[in-house]
Amino acid sequence: MATDAAGNVYVADFGNRRIRRIDSTGVITTFAGAGEGGSSGDGGAATEVRLDGPADVTSDAAGNLFLADLTNHRIRRIDVAGTISTLAGTGEPFDRADGGLASLARFSHELAGVSVDANGNLYVADAGDHTVRRIDQAEEVSTVAGSGTAGFGGDDGPATEARLSGPRDVSADAAGNLYVADTGNHRVRKIDLAGMITTFAGTGVAGYTGDYVLAAISKLNRPERVEVDAAGSVFVLEADSPRVRIVGPSGRIRTVAGNGVSERFPVPNYGSWFDGRAAARTPLIGAAGLAVDSTDSGAATLYLGEFSAGSLIRSVPLPSGRIGTLFFDPSGGPVTAVALDGDGSLYFADGKGIRVRGSDGSVSTVAELDGYSISVGGMAVDEFGRIWFSDPEARRVRVLEPVIQ
């Protein structure tokens with residue numbers, strides 16, 4: 001809705017494909033739109049134009065009205081004389097430019113998690129486009145999951161025809177299967193080697209149904225990160241009720257960190273108050289990053305980057321399950337992503353850039369990002385030591401190449 005200087009209220013009547021006006025006496029009229037889908041009418045009367053999904057409306061001081069004509073991929077303007085025109089947009093939808101070089105591809109402004117598989121392919125969760133993209137070693141880009149339309153559907157069919165809803169992370173297992181945090185659908189989806197998609201965990205209803213039930217009938221609450229360890233166990237970080245869950249070979253799910261309560265106390269290193277406690281009973285401070293260091297024997301260590309007042313990274317060794325503080329820098333700013341390399345060094349992104357904690361506990365800066373308007377939505381390190389990360393603000397995937405001395 002919007003108002004003008006005369007006190008008229010304008011309403012984007014999405015389903016009726018109209019803009020309605022309610023005057024100061026409470027009388028409603030159609031201000032724009034003939035009620036039929038389409039995009040015709042530029043240069044004519046606004047009441048005769050075809051709109052398709054008007055999603056928002058605003059006005060300027062001169063009395064011009066601007067509307068987001070959603071499905072037509074345009075911004076339209078209605079001047080004070082009631083004439084409509086296109087202000088921005090070609091009418092063509094977002095083009096992913098699949099099949100070409102990754103440097104020419106387009107991504108949305110909600111790039112999130114990235115992952116590298118055993119063959120060196122890079123996977124990117126593009127939440128804004130509701131897809132998962134792949135960049136192969138020839139640097140060609142393709143879509144491996146999602147039709148680009150938000151929603152849920154397509155299980156037991158080709159992943160490229162399925163509907164996802166804001167997927168925020170992706171991870172590959174040793175065999176090449178992909179696990180996708182289908183965040184808006186409150187599910188984790190699995191894509192097999194044949195490209196077929198199924199629901200791996202979650203019912204589609206946000207919530208919590210307890211531990212030791214089958215993952216496929218367990219409720220999840222906005223899964224935002226997913227990781228697969230060397231033994232094939234799948235770890236899921238839920239955002240809205242912060243928990244880390246694990247799904248082992250039995251297909252049953254249980255909690256390994258977080259009690260579902262998100263603590264946001266402005267106390268320095270608040271998380272350390274819980275050091276030594278059972279991680280599954282401990283509140284998390286808006287966890288944003290997840291990495292897993294594991295062996296084939298099943299022993300694993302979780303690393304959680306938390307969205308606290310400073311840079312806070314927690315560790316949870318399994319099977320003991322006791323939480324501890326691995327690193328804290330009160331001036332570092334919230335951690336947005338964490339990743340491990342093959343040598344066990346832990347990389348993390350915070351307000352100071354991208355940093356690394358070596359196996360000896362020393363911390364150094366890999367890249368200072370301040371002043372470059374570069375953000376980090378997700379991060380992965382490949383076998384060559386290259387650091388890949390998504391940059392949502394710039395709608396890009398970037399790579400930091402190691403310096404060869």
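Predicted model: local features only at pLDDT ≥ 70, side-chain atom pairs only at ≥ 80, totals over all residues.
Start with the core. Nonpolar side chains tend to be buried together in soluble globular proteins. Here the largest nonpolar core has 17 residues. Phe235, Val244, Val256, Leu302 and Val316 have the most contacts inside it.

Now look at Phe235. Leave aside its neighbours within four places in sequence. Phe235 then touches Val244, Ile246, Val256, Leu290, Val292, Leu302 and Leu318, among others.

Next comes the backbone. Most residues other than glycine have a negative phi, and most peptide bonds are trans. The peptide bond from Leu318 to Pro319 is cis, with omega near 15 degrees. Pro319 sits in the loop between strand 25 and strand 26 (324–329). Arg17 has a positive phi, near 55 degrees. Its place is the loop between strand 2 (9–13) and strand 3 (18–22). Arg17 is partly exposed, at 30% relative accessible area. Tyr212 also has a positive phi, near 65 degrees. Tyr212 lies in the loop between strand 17 (196–201) and strand 18 (213–214). With a relative accessible area of 57%, Tyr212 is exposed.

Charge pairing comes last. Side chains of opposite charge can pair when their charged atoms come close. The structure holds 20 salt bridges. Take Glu306 and Arg314, whose closest N and O atoms are 2.8 Å apart.

Arg386 pairs with Asp382, the closest N and O atoms being 2.7 Å apart. Arg386 is partly exposed at 23%, while Asp382 is buried at 9%. Arg398 meets Asp391 in a salt bridge, with 2.7 Å from N to O. Arg398 is partly exposed at 26%, and Asp391 is buried at 0%.

Salt bridges can also join up. Asp329, Asp350, Lys352 and Arg355 are linked in a network of them.

Conventions. Residues numbered from 1 in each chain as written. Heavy atoms only, no water. Core = buried A, V, L, I, M, F, W, Y, C linked by side-chain atoms within 4.5 Å. Buried < 20%, exposed > 50% of the residue type's maximum accessible area, 1.4 Å probe, protein only. Contact = heavy atoms within 4.5 Å. Helix = DSSP H or I, 4+ residues; strand = E, 2+ residues; numbered from the N terminus. Salt bridge = Lys/Arg side-chain N within 4 Å of Asp/Glu carboxyl O.
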